[in-house]
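This report describes one protein model and follows selected residues and helices through it. The sequence and the structure are shown first.

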Amino acid sequence: MTAGWTEDRVGALKKLWLEGQSASQIAKQLGGGVTRNAVIGKVHRLGLSGRAAPSQPARATFRPSRPRPAAQPTQAPSAPRRIEAVQPRPVQAPVPAPMPDLPGTATVMTLGAHMCKWPIGDPSSNEFSFCGRRSSEGVYCVEHARVAYQPQVRKGGKDGASELARSLRRYI
């Protein structure tokens with residue numbers, strides 16, 4: 001338990017803070033269980049912001065920088081050159097990979113944004129590929145979307161309300 005902030009301690013805190021001591025150094029000098037965080041809190045509450053000079057950690061020995069090589073002699077500037085109009089080169093857009101018509105002709109490297117991503121074959125084999133046909137709204141072509149997205153089949157032919165009531169009876 002700390003002895004608290006007496007007027008003597010507060011005076012010493014102000015003096016040491018304005019001398020540029022760090023909060024850790026001040027806490028060590030005040031002693032009596034005063035921590036670095038207690039010093040920082042008290043400084044904040046007292047509104048002490050100005051410091052003579054912030055404390056600096058001891059630095060290693062000074063090493064002079066390496067000498068730089070002497071600058072190369074420069075030549076006198078030449079006369080300005082005339083810039084002639086250059087015909088702009090036609091920009092060639094990259095040719096996109098052809099869309100495969102047969103399923104299983106797309107690889108990971110050739111698979112595009114609007115191509116069917118249905119996997120075909122064993123992923124660990126060299127023959128593994130993707131469908132690659134034009135995808136409909138999702139990530140699969142129409143054929144594979146029919147396989148992937150099937151309506152939910154209700155089990156037992158019970159309606160949803162009676163099934164809900166039966167499951168709730170377990171908890172009542």
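Predicted model: local features only at pLDDT ≥ 70, side-chain atom pairs only at ≥ 80, totals over all residues.

Gly 112 counts as partly exposed, because its relative accessibility is 24%, and a residue must fall under 20% to count as buried. Gly 112 is placed in the loop that runs between α3 and β1 (119-120).

**Overall organisation**

The protein has 172 residues, of which 17% are buried. Its secondary structure consists of 5 helices and 2 strands, arranged from the N terminus in the order α-α-α-β-β-α-α. The accessible surface amounts to about 15200 Å², and carbon and sulfur atoms account for 57% of that surface. When contacts between residues at least 6 apart in sequence are considered, 46% of them join residues at least 24 apart.

**Helix α3 and the helices that cover it**

Helix α3 spans residues 36-46, and its buried residues are Val 39, Gly 41, Lys 42 and Val 43. The cover over these buried residues includes α1 (7-19) and α2 (23-30). After α3 comes Gly 47, which has a positive phi, near 75°.

| Helix pair | Angle | Distance between axes |
|---|---|---|
| α1 and α3 | about 90° | 11 Å |
| α2 and α3 | about 105° | 8 Å |

The angle between α1 and α3 is about 90°, and these two helices are therefore roughly perpendicular to each other. On the α1 side the contact involves Val 10, Leu 13, Lys 14 and Trp 17, which meet Val 39, Lys 42, Val 43 and Leu 46 of α3. By class, the residues of this contact comprise 6 nonpolar, no polar and 2 charged. Spacing of this kind can be read against the geometry of a helix: an α-helix has 3.6 residues a turn, so residues three or four places apart point the same way.

For α2 and α3 the angle is about 105°, and this pair too is therefore roughly perpendicular, since angles of 65 to 115 degrees fall in that class. Here Ala 23, Ser 24, Ile 26 and Ala 27 of α2 meet Arg 36, Val 39 and Ile 40 of α3. The contact of α2 with α3 contains 5 nonpolar, 1 polar and 1 charged residues. Val 39 is listed in the contact with α1 and again in the contact with α2, and it is one of the buried residues of α3.

The side chain of Asn 37 makes a polar contact of 3.1 Å with the side chain of Arg 36. Asn 37 and Ser 24 are 13 residues apart in sequence, and their C-alpha atoms are 8.4 Å apart in space.

Ser 135 is located in the loop between β2 (129-130) and α4. With a relative accessible area of 9%, Ser 135 is buried. A polar atom of its side chain lies 3.5 Å from the backbone oxygen of Gly 138. Which residues are in contact with Ser 135, leaving aside its neighbours within four places in sequence? They are His 114, Met 115, Cys 116, Tyr 140 and Cys 141.

Arg 133 is found in the loop between β2 and α4 as well. Its side chain is joined to that of Glu 143 by a polar contact of 2.8 Å. The C-alpha atoms of Arg 133 and Thr 105 are separated by 8.7 Å, while the two residues are 28 residues apart along the chain.

His 144 belongs to helix α4, which covers residues 142-148. His 144 counts as buried because its relative accessibility is 9%. Not counting residues up to four places away in sequence, His 144 touches Cys 116, Trp 118, Cys 131 and Arg 133.

Methods
Residues numbered from 1 in each chain as written. Heavy atoms only, no water. Buried < 20%, exposed > 50% of the residue type's maximum accessible area, 1.4 Å probe, protein only. Helix = DSSP H or I, 4+ residues; strand = E, 2+ residues; numbered from the N terminus. Contact = heavy atoms within 4.5 Å. Axes fitted to C-alpha atoms, helices over the stretch in contact; angles between N-to-C directions. Parallel < 35°, antiparallel > 145°, perpendicular 65-115°, else oblique. Nonpolar A, V, L, I, M, F, W, Y, C, P; charged D, E, K, R; others polar. Areas by Shrake-Rupley, 256 points an atom, 1.4 Å probe, with all protein chains shown as cover. Polar contact = N/O pair within 3.5 Å; in protein donor to acceptor, adjacent residues only side chain to side chain.
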